[in-house]
Amino acid sequence: MSQSKLGLKINGKDYTLDADPKMPVLWAIRDLLGLTGTKYGCGAGLCGACTIHVDGEPARACLTSLKQVQGKQVTTIEGLAADGLKQAWRDNNVPQCGYCQAGQLMSAAALLSQYPQPNDAQIEEAMVGNLCRCGTYTRIKAAIKQASGTAAQLDLNKRDLSEREIEA
């Protein structure tokens, strides 16, 4: 392995690492910088546990090299500013074992930045690459809808219907 001085911008902070440019960014984030929120899952980009954002787009950190993120903004779960989404995750009791949750949240945040009020098909398409061995997919979808305001709108519609029924 050849070592190089690499400049990285992660979660808004600048870092200089002495590392092989071919190193997956996952290992730099976890082992060299100590940001352990991003998880190692399958190592083949199939499970989504290592999902990060590179210039706002979801990427698998296990398949993305340090060279590929040079000059780009990398965001990890530690830097994700999606308080509404995180609250929706808690409100819907999404985490079970929790291992996949960082990757799930990163994919959900990317979805919501592209589609602020996604429909079911958009949610399913965006989240298909993130596997949850606990099977919390229904809760994940509910949390995304809550964060998008769709669920709140549904509740409001139910309330309106109830009020109309009371008046009748």
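## Helix packing and an open sheet

Helices α2 and α5 are oblique to each other; angles under 35 degrees would count as roughly parallel, over 145 as roughly antiparallel, and 65 to 115 as roughly perpendicular, with the rest called oblique. The model is predicted, so local features need pLDDT of at least 70 and side-chain atom pairs count only at pLDDT 80 or more, while totals for chains, interfaces and linings use all residues. Residues are numbered from 1 along each chain as its sequence is written, and side-chain values use heavy atoms, with hydrogens and water left out.

Helix α2 covers residues 83-91 and helix α5 residues 137-148. They pack at an angle of about 140°, and their axes are 8 Å apart. Axes here are lines fitted to C-alpha atoms, for helices over the stretch in contact, and angles run from 0 to 180 degrees between N-to-C directions. On the α2 side, Gly84, Leu85, Ala88, Trp89 and Asp91 make the contact. Ile140, Ala143, Ile144, Gln146 and Ala147 meet them from α5. Contact means heavy atoms within 4.5 Å.

Ser148 also belongs to α5. Its relative accessible area is 8%, so Ser148 is buried; buried means under 20%, exposed over 50%, and partly exposed in between (1.4 Å probe, protein chains only). Neighbours within four places in sequence aside, Ser148 is in contact with Leu112, Pro116, Gln117 and Pro118.

The protein chain as a whole holds 6 helices and 5 strands. Helices (H or I, at least four residues) and strands (E, at least two) are DSSP runs, numbered from the N terminus. Along the sequence they follow the pattern β-β-α-β-β-β-α-α-α-α-α. Of the 168 residues, 40% are buried. Among contacts between residues at least 6 apart in sequence, 55% join residues at least 24 apart. The accessible surface is about 9,300 Å² by the Shrake-Rupley method with a 1.4 Å probe. Carbon and sulfur atoms account for 50% of that surface.

Helix α3 (residues 101-114) and helix α4 (residues 120-127) form a further packed pair. Their axes come within 9 Å and cross at roughly 135°. The helices α3 and α4 are therefore oblique to each other. Their crossing is right-handed. From α3, Gln104, Ser107, Ala108 and Leu111 meet Gln122, Ile123, Ala126 and Met127 of α4. An α-helix has 3.6 residues a turn, so residues three or four places apart point the same way.

Met127, in α4, is buried, with a relative accessible area of 9%. Met106 lies 21 residues from Met127 along the chain, and their C-alpha atoms are separated by 9.9 Å.

The 5 strands form an open sheet in the order β2-β1-β5-β3-β4, with mixed pairing. Strands β2 (13-19) and β4 (57-60) stand at the edges; each has a single partner strand, so one side of each is left without a neighbour in the sheet. On average, neighbouring strands are turned by 40° against each other, direction ignored. Two strands pair if DSSP finds at least two bridges between them.

Strand β3 (residues 51-54) is joined to β4 by 4 bridges, and the strands run antiparallel. Thr51 stands opposite Arg60. Val54 has Glu57 in β4 as its bridge partner. These strands, β3 and β4, form a hairpin with 2 residues between them. In the turn, Asp55 has a positive phi of about 50°.

Helix α1 (residues 25-32) packs on the sheet, where it touches β1 (4-10), β2, β3 and β5 (73-75). The direction of α1 makes about 105° with that of β2. Val25, Leu26, Ala28 and Ile29 are the buried residues of α1. Their cover includes β1, β2, β3 and β5. Gly34, with a positive phi near 75°, follows α1. Helix α3 lies across β3, β4 and β5, running at about 35° to β3.

Terms used. Left-handed = near helix turned anticlockwise from the far one by under 90°.
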